[in-house]
Amino acid sequence: MRTNEKIPKINEVVTTFGPYSKPFLNMCLSNEELELRWRMYFKSLLLSWENEHSEAFKLIEETLKLSMTDKSTYYFLLIRKLDLLLKMNDKDRGKSVYEKLRMEFGSIPPVTRKQATTVLLNYKAIRGIEKKEETFKKIRLWSKIYEQDNSAWAFILLGKARDEVKNGNMTKSFSIFLKAFRIAETIPHPSGMVNSLNDMAWYMRNIHSFWSCDIAKKAVHLAGWYFEDVEYVFFSFDTLMDCQVLAKDEELYKSVSLILLAKEYLPKGSGRGSQEHYHKRIELCKRIAPNFEVSRYENVKEIRTYLKKHMNSASQAKRFSGVGKANILAILNGRVKMIKGHTLKRLIKGLKIGIDTNSPFAIRNEYTKMVIENGFEKAIEEVEKMNQSERTILLISTYMVYLDRRKSLSYLSRKGKLKEAFDLLNNMERFKAFMFKRYETMEFVNSMIKAHPFIQARKDLAKAYLERMPKRIRERFIQKYIAMDEEEKKIIDRFARDYVRYDIKWGMRVSVPDEMKDLIQSFHLKKRPASLSYWALDDEEEREKLVSTLKKLNRHIL
């Protein structure tokens, strides 16, 4: 089938699966025969998924000019334009397009009407437009036609839930959000799932902070499982951190670290999803981020006041913490100029001091160290229970999923350090001693057992990829992977995640790229997920690097 003849099917896949269908768009865009207006439309989708909404909008405007005589395509693009204006926070132009679509709703062809309903309803809910919508009453919003299309129905329910929030019906809204999630889950429509849980957590956070925290973690885990592009799901990190702050979650530091790494993927400029949009969140993360190189602190008034609030007397503090009374008094009176981190840890533990974002840096920093140390001991116990093969898979799959390892794993990513950790796995006493030397490596061991939900999802993908390999091939693969340079590792990391991520039924045949045919046969890979992993990459240069790296790997392990 020629590329332009596939457009209806491609659009169906995009409508059904949302941004998760990105490989299909890249596959189409690689074909020179693709009609110009569809090339521009597909490019605008990709740009929007990368939060480049202004650039996406320009392409939609150009595409609209090419589609004035095609009624169905014209309205299809106009709906897309409204969606982009909402994301750009352009209220004036957005209101104008909204009114046009609302007034002309009856003229919109049935094939496009479900998408129009979804976008209009969500625009209304988010913008909080109060005027009566007579047109909506006439189009029978709750028609069985909409309910039979799960993708459309899930987002219609999202709009309904947001309306209930606006009207103050929180309990009802949570019920509808949950229903939207369950419908999206059956498809699966990852954006629908993530948005349903994310919105539920956001609106619940001031009512049930602990429940909202659990829901937000689920949303972030789904985001990590289905999406590689960090900038597209950054909003879920933002929601989770807000919930963690309110719940005083001791794992807040994981979100802080991830956000500071992930912010580099956000587009500059203004608008939803940009660095400017998340400026306050990023600045808060900078302020409360731990610094594991610091272990002595100036005894400032802020620390003394904070400690006084958490103790009845120096005698009581001595009894609970084991820190000498004279030492405690010297700290509280300011006679001691510098406080050791170890002393603060004993006071924090003895007095059962919790932390929040307003706690003094010294208290917060040492508390975070204690959380990591305690987690490390528990994680080591879990790893010790595993056999050698399980330990190996866990170590490598954890390493494969960190963002920007030169920053996040500055020590373990040095030449030879991963191999050293790998070689020590058969001697847990020595492995523990090696990993205990630094908070970075202690936290890495913690992540082997329980990582930040986004990292955990990526780890689950990598682990599944390794577990599918025959043992003999896996052992050779791991040895070769360890010896690769960092850029080669990143290419394999991405391929492993995408291979598992895209292994579902899509309802559409996927052609195997010529460059991948021999490799698929050599590695005994499934054709569909291997091909989609190839097309998930954004440009020809990246795809060539993937093929080259897989060929190199093939020569050494098969």
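Here are a few questions and answers about a helix pair and the cavities in this predicted model.

User: How do helix 5 and helix 7 run relative to each other, roughly parallel or roughly antiparallel?
Analyst: Start with the axes of helix 5 (residues 71-87) and helix 7 (residues 110-127), which come within 10 Å and cross at roughly 20°. Angles under 35 degrees count as roughly parallel. So helix 5 and helix 7 are roughly parallel.

User: Which helices each supply at least two residues of the lining of the largest cavity?
Analyst: That cavity holds about 180 Å³ of space. Its lining has 16 residues, and Asp-249, Leu-252, Tyr-253, Ile-355 and Arg-364 lie nearest the centre. The helices that each give at least two lining residues are helix 14 (230-247), helix 15 (252-262) and helix 21 (361-384).

User: How many charged residues line the second largest cavity?
Analyst: This cavity has a volume of about 120 Å³. Its lining includes Lys-22, Glu-228, Asp-229 and Arg-494, alongside residues such as Trp-49 and Phe-227. By class there are eight nonpolar residues and no polar ones, and the charged residues number four.

Conventions:
Residues are numbered from 1 along each chain as its sequence is written. This is a predicted model: local features need pLDDT of at least 70, side-chain atom pairs count only at pLDDT 80 or more; totals for chains, interfaces and linings use all residues. Side-chain values use heavy atoms; hydrogens and water are left out. Axes are lines fitted to C-alpha atoms, for helices over the stretch in contact, and angles run from 0 to 180 degrees between N-to-C directions. Helices (H or I, at least four residues) and strands (E, at least two) are DSSP runs, numbered from the N terminus. Angles under 35 degrees count as roughly parallel, over 145 as roughly antiparallel, 65 to 115 as roughly perpendicular and the rest as oblique. On a 1 Å grid over the protein atoms alone, a cavity is a set of points where a 1.4 Å probe fits but cannot get out, and a pocket is an open set with protein on both sides within 12 Å along at least five of seven lines; lining residues have an atom within 4 Å of a point. Grid points are joined across faces, edges and corners, and a volume is the space filled by probe spheres set on the points. Ala, Val, Leu, Ile, Met, Phe, Trp, Tyr, Cys and Pro count as nonpolar, Asp, Glu, Lys and Arg as charged, and the others, Gly among them, as polar.
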